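Here is a short briefing on one protein structure. Please look over the sequence and the fold before reading on.

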Amino acid sequence: MFQVLIVDDEQSVLTLLSNTINWQELELSLAGTAADGEQALEIIRRKPVDIVITDIRMQKLSGLELSKILYQQYPSIKLIIMSGYAEFSYAQKALTYGALGYCLKPVETEDIIQLLLKAIGKLRSEKNILSNDSILEYIYTNDTPNIRKYLMQHGLFTDNVCTAVTTGTKPLPEELYDGVRIRLSNTQWAYITKDRISSGAAAALQDTFDGYGSLPGPVDITDLHHAVRQCQRQAYQYFITPEMKLCFGHDDQMSLPFLNELLSQVSPPYADGVLQLLQKLQSPSYRQLFSIKGALQLYNTIRYSGLLKEEDDFPDYYEHLVQRFQTFENELSCLISQLSQVKDKKDIGQNISNSNLLEMLVYINANFNRDISLSQVAERFNFNSSYLSQAFKKETGETFTRYLTALRINKAKEILNSSDDTIEMVANKVGYSDYFYFMKIFKKVTGKTPNQFRFGV
């Protein structure tokens with residue numbers, strides 16, 4: 001991670017920037033803070049610093065004087081200036097000393113973040129370092145030469161590596177493993193290591209994460225994408241068995257006989273048969289056969305069957321399923337409840353007017369970056385979701401899912417063309433929390449990965 005030093009004689013500014021910027025998300029680390037240029041130089045002489053954010057006017061050694069010293073003695077450090085309107089000419093002078101840009105006070109955090117992203121890009125380019133976005137894309141596309149290059153840059157000189165994934169808001173501490181950590185989403189972290197992370201050490205830290213999954217032995221980097229995805233599924237095993245926060249192996253094939261039996265009941269659809277199977281599955285002895293992958297397949301198999309007549313509203317990925325139901329038991333209970341009502345359910349006569357549709361489209365366009373679904377929109381506007389699914393397609397010419405996907409991908413293309421945001425940040429801004437799923441959908445729609453689109457490849 002690149003190291004950032006903040007310099008300002010106002011403690012409120014130091015506190016604001018220290019606490020409101022998500023340094024981890026930007027793959028940065030806060031090296032410290034200083035009240036003036038002299039303190040800043042003392043820190044720079046003691047520890048490595050890659051980026052300095054400094055006020056322009058301070059006691060003792062000003063930001064302008066600090067800029068000149070850094071330009072002459074530490075030319076590799078990237079500089080970002082903060083200044084008041086009255087000091088605008090000083091800020092412009094600092095640009096001649098190599099400052100990347102300046103922000104006027106009172107400082108907007110988003111402006112600082114954009115300049116930080118610019119600094120990160122320059123540092124990576126100068127040091128030929130691949131970004132978190134790059135390695136995720138290389139893993140997704142099985143680009144072995146660039147995977148190897150990335151791992152070597154981080155001290156892993158082997159093609160046989162161990163993999164693990166944790167879910168939760170905080171990653172494992174770096175001292176626990178010898179290797180690299182890759183952010184998969186806001187709540188998922190992958191670890192590629194020289195040796196397998198000790199199961200005892202992981203168990204001792206289980207209060208710090210939601211779930212942990214790892215493979216029993218090393219894998220070749222040509223199979224890294226499959227290994228990471230397998231660890232992801234295992235890290236979500238707590239969805240199936242809440243007390244199982246650590247999972248060191250689970251055969252996804254164990255649920256296949258049950259899923260095959262389910263398919264025989266949903267085609268043609270027989271609600272009674274499906275109900276009996278789901279009730280059977282409520283027994284822990286059957287439920288434990290499933291992984292998160294099987295749970296998602298089960299849910300979408302029933303939804304696609306048409307039994308519930310809401311064929312346009314599906315969880316798309318594991319994280320989405322967990323967010324919606326919290327546990328597999330809740331998922332089963334929800335499906336059983338809905339199927340129990342389907343035989344007696346009568347269609348409700350409803351009509352959707354142009355004003356209704358326009359109001360819904362305005363809502364969708366304003367909230368596409370949130371976790372919205374057909375059911376949620378239907379509930380908000382007091383419509384039956386089955387009816388809304390059909391009416392939406394009739395009036396717009398496309399399904400709710402296709403409309404929402406197009407909206408999100410078009411916005412993603414705009415952000416990629418107009419900003420230096422990381423791909424993970426772009427994904428989050430348009431409503432996708434799973435990086436690999438965003439990559440899959442983006443490529444399906446555009447024919448390119450996000451980085452290929454950004455750089456015109």
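This is a predicted model: local features need pLDDT of at least 70, side-chain atom pairs count only at pLDDT 80 or more; totals for chains, interfaces and linings use all residues.

Residues are numbered from 1 along each chain as its sequence is written, and side-chain values use heavy atoms, with hydrogens and water left out.

**Strands**

- Helices (H or I, at least four residues) and strands (E, at least two) are DSSP runs, numbered from the N terminus.
- Strand 1 spans residues 2-7, and five of its six residues are buried. Buried means under 20% relative accessible area, exposed over 50%, and partly exposed in between (1.4 Å probe, protein chains only).
- Strand 1 pairs with strand 2 (residues 28-34) in the parallel sense, over six bridges. Two strands pair if DSSP finds at least two bridges between them.
- V7 stands opposite A34 in strand 2.
- The chain runs from strand 1 through helix 1 (residues 11-20) to strand 2, a right-handed β-α-β crossover. Right-handed means that, with the strands pointing away from the viewer, the path from the first strand over the helix to the second runs clockwise.
- Strand 1 also pairs with strand 3 (residues 51-55), in the parallel sense and over four bridges. Here L5 stands opposite V52.

**Helix 1**

- V13, L14, L17 and S18 are the buried residues of helix 1. They lie on the same side of the helix, because they cover an arc of only 125° around the axis. The arc is that of the directions from the helix axis to the C-beta atoms.
- An α-helix has 3.6 residues a turn, so residues three or four places apart point the same way.
- Q11, S12 and N19 are exposed on the other side of helix 1.
- The cover over the buried residues includes strand 1, strand 2, strand 3, strand 4 (78-83) and helix 5 (109-127).

**Cores**

- The largest nonpolar core has 59 residues, of which L151, I192, I364 and F438 touch the most other members. Helix 19 (residues 400-418) gives the most to this core, with eight residues.
- A nonpolar core is a set of buried Ala, Val, Leu, Ile, Met, Phe, Trp, Tyr and Cys residues joined through side-chain atoms within 4.5 Å.
- Another core, of 31 residues, lies apart from it and includes Y238, V274, L278 and L335.

**Cysteines**

- The structure holds zero disulfides, a disulfide being a pair of cysteine sulfur atoms within 2.5 Å.
- C103 is buried, at 4% relative accessible area.
- C334 counts as partly exposed, because its relative accessibility is 27%.

Terms used: Contact means heavy atoms within 4.5 Å.
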